[in-house]
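Subject: Structure for you to look at

Hello,

Here is the structure we talked about, followed by notes on what was found in it. Please keep it open while you read.

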Amino acid sequence: MKIFIAKDYNEMSRKAANIIAAQVIVKPDCVLGLATGSTPIGAYEELVKRYQAGDLDFSEVTSVNLDEYKGLPKENDQSYDYFMREHLFQHINMKASYLPDGMKEDAEEECRRYEELIQSLGGVDLQLLGLGHNGHIGFNEPAEIFEKETHCVDLQPSTIEANKRFFASADEVPKKAYTMGIQTIMRAKKILVVVSGADKADIVRDAFFGPVTPHVPASILQMHSDVTLIGDEAAMAKIPR
Ligand code: F6R
């Protein structure tokens with residue numbers, strides 16, 4: 001595992017953007033695996049700047065996202081589709097970008113379709129990941145086993161409670177989500193994890209320097225042969241030196 005400690009969020013974002021940009025330059029028709037959440041926003045901003053400056057071209061790049069809420073239309077500003085358009089897709093010339101379709105009723109069929117789509121693209125060249133406070137990656141929450149492929153998860157009551165504030169009422173908060181599985185993520189040729197803030201310091205230590213266990217889903221990344229971890233000083237404060 002390669003580890004970079006950045007002095008702050010901005011430096012973390014620039015370093016992450018460097019790695020994504022390098023991937024696009026070296027393989028212009030690559031497949032990028034993308035994430036939502038607050039951590040990658042700065043890296044997306046950097047990529048947009050470089051595209052606007054004429055230094056990056058995404059015209060042959062395809063992206064697949066990690067996850068999407070089930071039951072939210074793309075137009076809903078809480079959908080991950082909306083997030084990705086707002087922070088990245090509407091600003092650059094990406095050839096094609098895919099997320100699980102949150103409006104598909106048949107969850108099994110949608111999971112199969114998304115998994116096959118990723119395989120039909122030739123797999124993911126570089127997967128960008130954020131890290132949940134409980135060690136989740138995508139919506140792969142702590143569990144007794146590592147869930148393999150794209151699947152539909154029941155959101156934990158704590159997640160529903162935490163998300164309530166973004167919706168008009170608690171009833172509108174999605175109860176389920178689609179997510180790439182652990183095996184789907186582990187099949188990516190390269191993985192880039194971004195972490196920021198003191199509140200992530202314990203989980204960074206546990207996930208990358210503790211035992212590999214489905215109780216800390218991100219710990220499986222220790223078994224991947226090409227992982228880069230970029231964190232700001234606060235998030236990396238507790239890793240063994
Ligand atoms: C987002 C995702 C989540 C986030 C994680 C960290 O697509 O799959 O696993 O990466 O919850 O979120 P932030 O970056 O908001 O701390």
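Which polar backbone atom lies 2.8 Å from an oxygen atom of the ligand? It belongs to Gly-138. The protein covers 85% of the 410 Å² of accessible area that the ligand has on its own. Bear in mind throughout that this is a predicted model.

The ligand

There are 14 residues around the ligand, and those that come nearest are Thr-39, Asp-67, His-136, Gly-138 and Lys-200. The side chain of His-136 has an N or O atom 2.7 Å from a ligand oxygen. Thr-36 places a polar side-chain atom 2.8 Å from an oxygen atom of the ligand.

Helix α4

Helix α4 runs over residues 107-120, which makes 14 residues. From its first C-alpha to its last, α4 reaches 20 Å, close to the 20 Å expected at 1.5 Å a residue. At the start of α4, Asp-106 has a side-chain oxygen within 3.2 Å of the backbone nitrogen of Glu-108. After α4 comes Gly-122, with a positive phi near 95°.

Which residues of α4 are buried? They are Glu-110, Cys-111, Tyr-114, Glu-115, Leu-117 and Ile-118. These residues lie on the same side of α4, because they cover an arc of only 155° around the axis. An α-helix has 3.6 residues a turn, so residues three or four places apart point the same way. On the other side of α4, the exposed residues are Glu-108, Glu-116 and Ser-120.

What covers the buried residues of α4? The cover includes the strands β3 (62-65), β5 (96-98), β7 (151-154) and β8 (176-179), as well as the helix α6 (182-186).

Asp-101 sits in the loop between β5 and α4. Not counting residues up to four places away in sequence, Asp-101 touches Glu-110, Arg-113 and Tyr-178. Glu-110 in that list is one of the buried residues of α4. Between Asp-101 and Arg-205 there are 104 residues in sequence and 34 Å in space, C-alpha to C-alpha.

Helix α3

Helix α3 covers residues 80-87, and its buried residues are Tyr-80, Asp-81, Phe-83 and Met-84. Their arc around the axis is only 160°, which puts them on the same side of α3. Among the elements that cover these buried residues are β2 (31-34), α2 (41-52), β3 and β4 (67-69).

Tyr-82 is also found in helix α3. Is Tyr-82 buried or partly exposed? Tyr-82 counts as partly exposed because its relative accessible area is 29%, and a residue is buried only under 20%. Leaving aside neighbours within four places in sequence, Tyr-82 is in contact with Lys-74, Glu-75, Asn-76 and Asp-77.

Helix α2

Helix α2 has twelve residues, which should span 16 Å at 1.5 Å a residue. The end C-alpha atoms of α2 are 17 Å apart, which agrees. The buried residues in α2 are Gly-42, Ala-43, Tyr-44, Glu-46, Leu-47, Val-48 and Arg-50. Their cover includes α1 (9-26), β2, α3 and β6 (126-129). Just after α2, Gly-54 takes a positive phi of about 85°.

Met-12 in helix α1

Met-12 is found in helix α1. Met-12 counts as buried because its relative accessibility is 1%. Which residues is Met-12 in contact with, leaving aside its neighbours within four places in sequence? They are Ala-6, Thr-39, Val-194, Val-195, Ser-196, Ile-230, Gly-231 and Asp-232. Thr-39 in that list is also one of the residues that come nearest to the ligand. Met-12 and Phe-166 are 154 residues apart in sequence, and their C-alpha atoms are 27 Å apart in space.

To go through this on screen, you could begin with Gly-138 and the ligand, then turn to the buried residues of α4, and end with the contacts of Met-12.

Regards

Key
Residues numbered from 1 in each chain as written. Predicted model: local features only at pLDDT ≥ 70, side-chain atom pairs only at ≥ 80, totals over all residues. Heavy atoms only, no water. Helix = DSSP H or I, 4+ residues; strand = E, 2+ residues; numbered from the N terminus. Expected span 1.5 Å × (residues − 1). Buried < 20%, exposed > 50% of the residue type's maximum accessible area, 1.4 Å probe, protein only. Arc of directions from axis to C-beta. Contact = heavy atoms within 4.5 Å. Polar contact = N/O pair within 3.5 Å; in protein donor to acceptor, adjacent residues only side chain to side chain. Near = heavy atom within 4 Å. Areas by Shrake-Rupley, 256 points an atom, 1.4 Å probe, with all protein chains shown as cover.
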